[in-house]
Protein chains: 2
Amino acid sequence: MKDILFDFLSKYVSLTDDEKNALLALDIFRSVKKGTVLLQEGQKSKDSYFILKGCIRTYYLIDGEEKTTAFYTEMEVLTPPCVISKTPSEYYVGCLEDTILTVSNSDMEEETNRKFPKFETLCRVLSEELLAKQRIDFDAFKTSSPEQRYLNLIQKRPDLIQRVPQHQLASYLGIKPQSLSRLRARILEKKS
Amino acid sequence: MKDILFDFLSKYVSLTDDEKNALLALDIFRSVKKGTVLLQEGQKSKDSYFILKGCIRTYYLIDGEEKTTAFYTEMEVLTPPCVISKTPSEYYVGCLEDTILTVSNSDMEEETNRKFPKFETLCRVLSEELLAKQRIDFDAFKTSSPEQRYLNLIQKRPDLIQRVPQHQLASYLGIKPQSLSRLRARILEKKS
DNA sequence: CGTATTTCTTAACTTAAGTGAACAAGCGAT
DNA sequence: ATCGCTTGTTCACTTAAGTTAAGAAATACG
């Protein structure tokens, strides 16, 4: 379990045993049950998550309707915007499956960054990379139709289509569940 | 002109005169004419931009059509994804107006980060903040209709509606120029 | 088990965006 | 001042998504 974390981190910086132990001493590993809500709308939080196993999602409650905007699975990091802006959260974070993750709070990170400059570099590189990746995703979303987005999802994240309920996928694609059903039927028709 | 840059930076870190001079020594200020293309599709680049005055946009060329995905104006930073991924650019960067900006390349930044840890912190905080901001924008886009997006844009970036051509605004909103025209007529009708 | 709830699909109808085309206004360059 | 190109609007028509509703299938749970 620890290995998954360190394998991930080794892609960005190489850590000494001392540094690894410092990380482990923080006792950040958590196991949470499917259905758990990690963060509520309106709540303040300083926690970031790194998924070791399982799946979580972020969603808004708009006019009584859940709007899912992102999924995070194995080896992915989520720092909710409210942690950065220090304001109440605009969205919920919930577990779609039994999930193992690390929970680290921003005070802790500040301190670690001060103690080990290497971590500051890690955080900078990681967020630069996430920013670029998210920009590409955003652009792809803007420049394509719901159908193209769905076909793209099949290519890029085939696992999500298996493990996530359709109506959550639908709002992730920016449409209603009924439209996703129809769209899928349309694609099947074309193939034949 | 330098003051605009230092005012911006002072929101994140406080710089000594020595540090300021080190920055100025890099000679990063540029003045570019309206219409200039700063980055082409397929091109490799290490340059990031900070806009002091004017406006630039990023756009894709898809099936011979320009798809504008972002605008950057006064006090905004753009690091194209290709700079981070070190791969050829997927999009163009062009100037909508005569623009004054700084151009800094990533090698330069690496070095500055090594010399002044303060800059590393600056870069980390800035990209964390941009990541969070972009996430909020992306979510808002996904969870709203073209009409809501347009109304939202009037609230959040009224300047863009004045200074940017409609057809570029349209693709920024994820629709065709004709649809934007119609949508605006529809809104006017509702008001009366 | 079997019942309740959630999830998914289908269908008919409404609304809005995409498409193709025509036209007018604005702007830039000569 | 004029010619040409870019830009914005309008219209008729097509296509696809939103809405409302009903029912089937899968899943959760007592």
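In which helix of chain A do Arg163(A) and Asp159(A) both lie? Both residues belong to helix α7 (residues 158-163) of chain A, where they stand 4 residues apart, about one turn of the helix. The structure is a predicted model, in which local features need pLDDT of at least 70 and side-chain atom pairs count only at pLDDT 80 or more, while totals for chains, interfaces and linings use all residues. Residues are numbered from 1 along each chain as its sequence is written, chains are lettered from A and ligands numbered from 1 in the order in which they are written, and side-chain values use heavy atoms, with hydrogens and water left out.

Chain A contains 9 helices and 8 strands, where helices (H or I, at least four residues) and strands (E, at least two) are DSSP runs numbered from the N terminus. Its C-alpha atoms fill a box of roughly 60 × 35 × 30 Å along the principal axes. Of the 192 residues of chain A, 48% count as buried, a term that means under 20% relative accessible area, with exposed meaning over 50% and partly exposed in between (1.4 Å probe, protein chains only). For residues 30-103 of chain A, an unreviewed UniProt entry lists "domain: Cyclic nucleotide-binding"; such positions are given in the numbering used here, feature names are shortened, and annotations may be inferred rather than shown by experiment. The end C-alpha atoms of this span lie 7 Å apart, and the span is 7% helix and 55% strand.

Over all chains, the count comes to 34 salt bridges, a salt bridge being a side-chain nitrogen of Lys or Arg within 4 Å of a carboxyl oxygen of Asp or Glu. In chain A, Arg163(A) and Asp159(A) form one at 3.4 Å, N to O; Arg163(A) is partly exposed at 23% relative accessible area, and Asp159(A) is also partly exposed, at 29%. Another salt bridge, at 3.5 Å, N to O, brings together the side chains of Lys53(A) and Glu74(A). This pair links distant parts of the chain, with Lys53(A) in strand β3 (residues 47-53) and Glu74(A) in the loop between β5 (65-73) and β6 (77-78), 21 residues apart. These residues are part of a network of salt bridges that links Lys53(A), Glu74(A), Glu76(A), Glu97(A), Arg157(A), Asp159(A) and Arg163(A).

In chain B, the side chains of Arg157(B) and Glu76(B) meet in a salt bridge of 3.7 Å, N to O. Arg157(B) lies in the loop between α6 and α7 and Glu76(B) in the loop between β5 and β6 (77-78), so the pair ties together parts that are 81 residues apart in sequence. Arg157(B) is buried, with a relative accessible area of 18%, whereas Glu76(B) is partly exposed at 25%.

Chain B and chain A bury about 3400 Å² between them, 62% of it on carbon and sulfur atoms; buried area is the accessible area (1.4 Å probe) that two parts lose on being put together, summed over both. Of the area that chain B buries against chain A, 20% is supplied by Arg124(B), Gln134(B) and Lys142(B), more than by any other three residues. The contact (heavy atoms within 4.5 Å) takes 34 residues from chain B and 34 residues from chain A. Across this interface there are 4 salt bridges, and one pair that meets in a salt bridge is Arg124(A) with Glu110(B), at 3.8 Å, N to O. The largest share of the side of chain B that touches chain A, 18 residues, comes from α5(B).
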